[in-house]
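Work through the exercises below with the sequence and the structure in view. Try each task before reading its solution.

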Amino acid sequence: MSKSDVIFGNKVDYLSRKKAQRSKQIYAKKFGDDTGSSFKVSLRDNPVLGDIFNVKDVVLGEAQETSFDKEKSIIVGNIRMGFGHYRMSIAMCSCAAYLGYYPLWMDLNGYPHTTCTKIISEQNRLYSLGSRLSKNPVFNKLVWEPMNYEGFRSINYNSQDQKNAELMAPVFKNIPKDIPVITTHAWPAQAAIHAGMEHVVNAIPDNWPMALHLSEGAVHTIQCKNAYMGYRILNGFKGRKVLRPMPSKDLQYVGHYVDHEIVSNIEKDCEMRDERRYEKKPMRFLLTIGGAGAQKEIFLAIIRYLLPYVEKGKAAIYVNVGDYKNVWDYFLKEVPRVKKYCTEHFNMWDETVSFCKDALRSDFDVEGIHAFYHQDIFEAVYVTNLLMRSCDVLVTKPSELAFYPVPKIFIPRVGKHEMWGAIHSAEIGDGTMECRDIPHVLQMVRMFLKEDFLPQMCDNILENKIMGIYDGAYKAVKIAMKEED
């Protein structure tokens, strides 16, 4: 039977199987079916990550053939749906390069001539629309949060995804089947398994167990121990029904997926935060806008609140709007006074990297407001990784950034599944509780400015590192390369 009919020994009901089949037929009719296609594969240097981690892009459809280093190559399969999945993939590339492997970037949303990308792009469009509409409290309560919390949890949803992923499999057709694959979304994992890839690691995001993230045939890695039991017994994946459990060999706890450059510098970066605080230098707040561009009103409120502290030299602000320049234009329109204190780092990658390096020096003072905008998606995502090392406080929704070793203030989630990121971070002490409205967000900003939240979180981060909590990307790579079983 197909993977959409039986999932870890649990038979999907007839109506759900028919619905999954119809979904595939609808997509095939709308976007075509590449099952009979044979896409030639080549490699080229990634224009941004190539210089940093020696990353090469997996390119489809170009004339030249290529050969893979079967001893050292590892494919990092991903999609762009927001920034979180890209960020996880960058962490995998970073740790793979550090461990001596050759990371190959394979974005299944980056092949516009394929059915695979057309399907993912359509899903991405719908998800981005839902994220924006979630600002409406009625839509959020009745549609968005239930869908992201319980709808994606259903094993029937996984059945539909598995059937749709059959249309994505052809992109792997001409890739050697023994090349290890790490994926940071279930769809690339499912597509790789359907295509016959032999060594697949499905790196699960978040820590709320959902059937959305299942890809039977892969080794599933998780970032938090509290998610282990939920995945093992497929808890709530079919209402109250007790399901057959996932085999233990298919699920491993590894820890948080974090870049080597960040993990290896935790002690130094926390020491610098304590030093800046002792010397009463401006507290550096990093505001990062996600890939859906939502929640700009909350960030606007934070900027307004911090502006008097910026003027007095008690705070400094990094604002990364990613590839959403319209968000920065919105901030300037609403608070024109920002221009007086602002330095714009726009589409100048070398200059941005230079600033990030300078900001790590003890003799380099960061003042005012520094805005970052980059059209290139890799630059837009990775600049946050570079800035977080020199920031004191990261302000973010509890998405994948919830798992990074930097003191954090959590603004409201976008989707109830993200709730557990804030809960986990608060439990291990490297982030706040989720602040569900602007007054509570601003209260937390004030607490960092006036109380001792910052040194407490730095101490917790140091303890967490000793326990290996931030070692997930290293371990996922080792599992994929058969260093760990």
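**Exercise 1.** In which helix is lysine 450 found, and is this residue buried or exposed in the predicted model?

*Solution.* Step 1: locate the residue. Lysine 450 lies in helix α16, which covers residues 438-450. Step 2: apply the cut-off. A residue is exposed when its relative accessible area is over 50%. Lysine 450 has a relative accessibility of 53%, so it counts as exposed. Step 3: look for charged partners. Together with Lys312, Lys314 and Arg446, Lys450 forms a positive surface patch.

**Exercise 2.** Which residues of helix α15 are buried, and what do they pack against?

*Solution.* Step 1: find the helix, residues 419-428. Step 2: pick out the buried positions. These are Met419, Gly421, Ala422, His424, Ser425 and Ile428. Step 3: name the packing partners. The buried residues of α15 pack against the helices α5 (137-151) and α17, and against the strands β17 (408-410) and β18 (431-434). Step 4: look past the end of the helix. Glycine 429 follows α15 and has a positive phi, near 85°.

**Exercise 3.** Is asparagine 124 buried or exposed, and which residues does it contact beyond its neighbours within four places in sequence?

*Solution.* Step 1: asparagine 124 is placed in helix α4, residues 115-133. Step 2: its relative accessible area is 14%, so asparagine 124 is buried. Step 3: with neighbours within four places in sequence left aside, asparagine 124 is in contact with Arg80, Met81, Gly82 and Asn109.

**Exercise 4.** Where is aspartate 161, and which residues does it touch, not counting those up to four places away in sequence?

*Solution.* Step 1: aspartate 161 sits in helix α6, residues 155-165. Step 2: the cut-off for buried is under 20% relative accessible area. With 3% relative accessibility, aspartate 161 therefore counts as buried. Step 3: leaving out residues up to four places away in sequence, aspartate 161 touches Trp187, Gln190 and Leu212. Aspartate 161 and threonine 384 are 223 residues apart in sequence, and their C-alpha atoms are 31 Å apart.

Conventions
Residues are numbered from 1 along each chain as its sequence is written. This is a predicted model: local features need pLDDT of at least 70, side-chain atom pairs count only at pLDDT 80 or more; totals for chains, interfaces and linings use all residues. Side-chain values use heavy atoms; hydrogens and water are left out. Patches are made of residues with over 30% relative accessible area and no salt bridge: like charges are joined within 9 Å, nonpolar side chains (Val, Leu, Ile, Met, Phe, Trp, Tyr) within 5 Å. Accessible areas come from the Shrake-Rupley method with a 1.4 Å probe; for residues, only the protein chains shown count as cover. A salt bridge is a side-chain nitrogen of Lys or Arg within 4 Å of a carboxyl oxygen of Asp or Glu. Lys and Arg count as positive and Asp and Glu as negative; His and the chain ends are not counted. The place of a charge is taken as NZ of Lys, CZ of Arg, CG of Asp or CD of Glu. Helices (H or I, at least four residues) and strands (E, at least two) are DSSP runs, numbered from the N terminus. Buried means under 20% relative accessible area, exposed over 50%, partly exposed in between (1.4 Å probe, protein chains only). Contact means heavy atoms within 4.5 Å.
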